[in-house]
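Please read these notes beside the model. They cover charged pairs, a surface patch and the record's annotations.

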Amino acid sequence: MSVITLYVAMPGCWISHRLFSTWAFWLAPSPLAMQQTGVFGKGTWMTCYVIVTEIVGSDQRIVGIVIQIFFTLGIMILPGIAYLIPTWQGIQLAISLPNFLFLLYYWVVPESPRWLLTRKKGEKALKIMHDIAKHNGKYLSPHYSEITVSNMEVTNPSFLDLVRTPRMRRNTLILMYAWFTSALIYQGLVMRLGIVGGNLYLDFFISGAVELPAALLILITIDRIGRRLPFAISNIVAGIACLITAFLPEDIPWLKTTVATLGRLGITIAFEIVYLVNSELYPTTLRNFGVSLCSSLCDLGGIIAPFLLFRLAAIWLELPLIIFSVLAAVCGILVLLLPETKGISLPETVEDVEQLSGHYGKCWKKRKHQNTNSYI
C-alpha cells in the first residue's frame, strides 16, 4: 500500500478517537464509558502514529502532522454533536459509533516493515516494501534484497530498556515531562472554558479551530528549521501567554481572549510535535512501547488537570494559569537538550540512539544517508 492509503486510512482512527474521548469527559458521566475510552481509544491513537512514522521515508514523516489536522476536525465537530443531541446517552452513542468504521478497512493498512524485521519476519517485510514501491511507481533498490534477519533472540521491551543507557534515559525523562506538561496545559485550557463564562459550544469550537493554524505552522517550519526550536518556542510562547492572560483586567475581554488563544495555539503546537519527536527518538524495537509509555504521562496530566484547575480556581480564578506558565517554560528549556531529528533515518537500535544523541544527528545522518526509505 502507498502513502496515499495511509492518508485515507489513519484519519479515520484519529477522528473516531477524538469523537470518542474529549466530549465524553464533559457530558457522559459513565464510569464504564470512560474506562472503555481509555482502554480502546489510547491504543488506536498511539499505534496509528507509530505505524505512520515507521512506514514513510525520513523526508515524509510530517505526514503525522497532516493526520493531526483530522484530530482537530474531530474537536470542531464535537460541540455541534453536543448541541444537537440533548442527552448524554445519545451523545455517547453518537461519538462511539464512528470507531466501528475502522473495522471496514483496517486490512488495507500494511504492517510496519521495520517492526517485522525486529520480529524476524524478513520475507514479509520485503514483500510489503515491494508493494509500497510498486504502488508509488518506483522500484525497490537492489540492496534491500540483501536484508538479513538478526540471530539475536526476540525479547519483549521493558521500562529498563528506556533508561539503561545515559542518552536514552535523558530522552525518556524529558519526553515524559513534555507529554505530562502538554496534556495538563492543553486539557486545563479546554476545561477552563467551562468556568470563565460565555457560550461553551461556541468557545469550544473556536478553541478547536485555533489548532488548524497550529498544524500549518508546524508544516511550514519543521522541515526548514528542525524539531527542537519550534518545540521549545511553542512551549515558551504558551507559558508567556498564560502568564499575561492571568494578569489582564476583566474589562477588556477581547484582549484576554486573544492572548489566551495564543497560549492554546502554542501548547497545541507543542503537543503535536511531541508525537513526532517521541517516535523519532526511539529505536524500532522499542518505539511502540516507548511512545506508549511516555504518553502515559499524558494520561496522568489529563487526570490531574481538572483537580488542579478547579481547586486552584476556587482560590483565585487565574491561579491555574500561573502554574501552566511555569510548567510550559520549564518544558521549553528542557526540550532543547534533545537531539535534532530533522532529515535523519529512524534509529534501529539503542546504540543508534546513543550515537545520534551524542553527535546531534550529524554522524548518524551521514552514515545512514544511503539507507533512507527510497521505496516511498
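1. Which residue forms a salt bridge with Glu280? Arg227 does, and the closest N and O atoms are 2.8 Å apart. A salt bridge here is a side-chain nitrogen of Lys or Arg within 4 Å of a carboxyl oxygen of Asp or Glu. The pair connects distant parts of the chain, 53 residues apart: Glu280 sits in helix 12, Arg227 in the loop between helix 10 and helix 11 (228-247). Both Glu280 and Arg227 are buried (under 20% relative accessible area; exposed is over 50%, partly exposed in between; 1.4 Å probe, protein chains only).

2. On provenance: this is a predicted model, where local features need pLDDT of at least 70 and side-chain atom pairs count only at pLDDT 80 or more, while totals for chains, interfaces and linings use all residues. Residues are numbered from 1 along each chain as its sequence is written, and side-chain values use heavy atoms, with hydrogens and water left out.

3. The structure holds eight salt bridges. One of them pairs Arg264 with Glu211, with 2.7 Å between the closest N and O atoms. Arg264 belongs to helix 12 (residues 253-280) and Glu211 to helix 10 (residues 211-221), so the pair ties together parts that are 53 residues apart in sequence. Helices are DSSP runs (H or I, at least four residues; strands are E, at least two), numbered from the N terminus. Arg264 is buried at 5% relative accessible area. Glu211 is buried too, at 1%.

4. Lys256 and Glu318 also meet through their side chains in a salt bridge (3.3 Å, N to O). Lys256 is in helix 12 and Glu318 in the loop between helix 13 (287-315) and helix 14 (319-334), so the pair ties together parts 62 residues apart in sequence. Lys256 is buried, at 8% relative accessible area. Glu318 counts as buried at 3%. Through shared partners, salt bridges join Arg192, Glu250, Lys256 and Glu318 into one network.

5. Now the surface. Leu93, Leu97, Phe100, Leu103, Tyr106 and Trp107 make a nonpolar patch of about 730 Å². Patch residues have over 30% relative accessible area and no salt bridge; nonpolar side chains (Val, Leu, Ile, Met, Phe, Trp, Tyr) are joined within 5 Å, like charges within 9 Å. Areas come from the Shrake-Rupley method with a 1.4 Å probe. Tyr106 lies in the loop between helix 4 (88-96) and helix 5 (113-118).

6. An unreviewed UniProt entry places the feature "transmembrane region" at several spans, including 91-109 and 229-248. Such annotations may be inferred rather than shown by experiment. Residues 91-109 are 32% helix and 0% strand, with end C-alpha atoms 29 Å apart. Residues 229-248 are 95% helix and 0% strand, with end C-alpha atoms 28 Å apart.
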